[in-house]
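I opened my notebook to record what I looked up in this structure, one topic at a time.

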Amino acid sequence: MKNISTDSLRTFVMVVEVSGFAKAGDLLGLSQPAVSLQIKRLEDVLGYKLFKKQGQRQVLNQYGELLLPMAKQMMQYNDAILQQFTSENIAGRVRLGIPSEFAARILPSIIGDFVALYPEVSLEVKSRLSKHLLSASRQDQFDLVLALNERLSSEKFPIFMQDKLVWVGDLSLAQNDVVTLVTAPEGCIYRRRAIDALKSAGIKYRIVYSNADLTGLIAALKEGLGITVLAKSTVPSELNYQVQTKHLPALGDIGISLVKSAGESENAVDKLAEFIALRLG
């Protein structure tokens, strides 16, 4: 009797959710070849290929589409069994603050797994600019904060992982005399890094659209209004990105901090922080 590795199933689900082998590897702490090997082993056990080539991307074929809901259900059963037999009884409320791009691209699956594992924990998730999340005046509003941090070495807000900043959108627009930008409002790290990089390179720019919500920025990018900057791991699969091009400068790296505050549900906060760090870091 063959057995399906739950690690392989979890890797498969992650590849689909983040739309890429490399991104899945970054989140799972695996190299891209290791992710590919896990998928190949899963395909060998099942006797079917799960992905097909579509342009430059790997997308699910009919067998992958069939497997996906069953794989997610298997993960839920796995987590439910662990939760049933674990000696930890974690309960309470956790107020989590995160930037909107993390809320949209990375955290849904992580939060879903956490809630399945610890159903007695109530989560309140709010999205803000990282600048606001880390400000002293707002720290009492959150028990746990995941935020971008421009300082790659910070004692006050320790960095637990780094990511590359990339240019996102129709990058042919960068060949125009004036680069058009779509960005979040003033105070956004991405916005500041884009402007500073363009100024340093002597490239003219104009901000044509501003929106604090990632969904609004994505819509503007798809309409070809301009280009923007995001952390590589948060780029939606339907958008193009580059670290740098002939017409655009490199943007450097960004730090990501995970900051806990003392609260009533300290055990729940500690457990969620540990869960996010393991899955992202």
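Helices here are DSSP runs of H or I with at least four residues, strands are runs of E with at least two, and both are numbered from the N terminus. I noted that the model is predicted, that local features need pLDDT of at least 70 and side-chain atom pairs pLDDT 80 or more, while totals for chains, interfaces and linings use all residues. Residues are numbered from 1 along each chain as its sequence is written, and side-chain values use heavy atoms, with hydrogens and water left out.

Going back to H8 itself, I found 12 residues, 189–200, reaching 16 Å from the first C-alpha to the last, close to the 16 Å expected (1.5 Å times one less than the number of residues). Among the buried residues of H8 I listed Ile-189, Tyr-190 and Leu-198, where buried means under 20% relative accessible area, exposed over 50% and partly exposed in between, with a 1.4 Å probe and protein chains only.

Next I turned to strands E1 (residues 51–54) and E2 (residues 57–60), which run antiparallel and are joined by four bridges; two strands pair if DSSP finds at least two bridges between them. Phe-51 stands opposite Leu-60 in E2, and in the hairpin, with two residues between the strands, Gly-55 takes a positive phi near 70°.

Last, I checked Gln-242 in strand E10, which counts as partly exposed because its relative accessibility is 40%. Leaving out residues up to four places away in sequence, I found that Gln-242 touches Val-166, Trp-167 and Leu-171, contact meaning heavy atoms within 4.5 Å.
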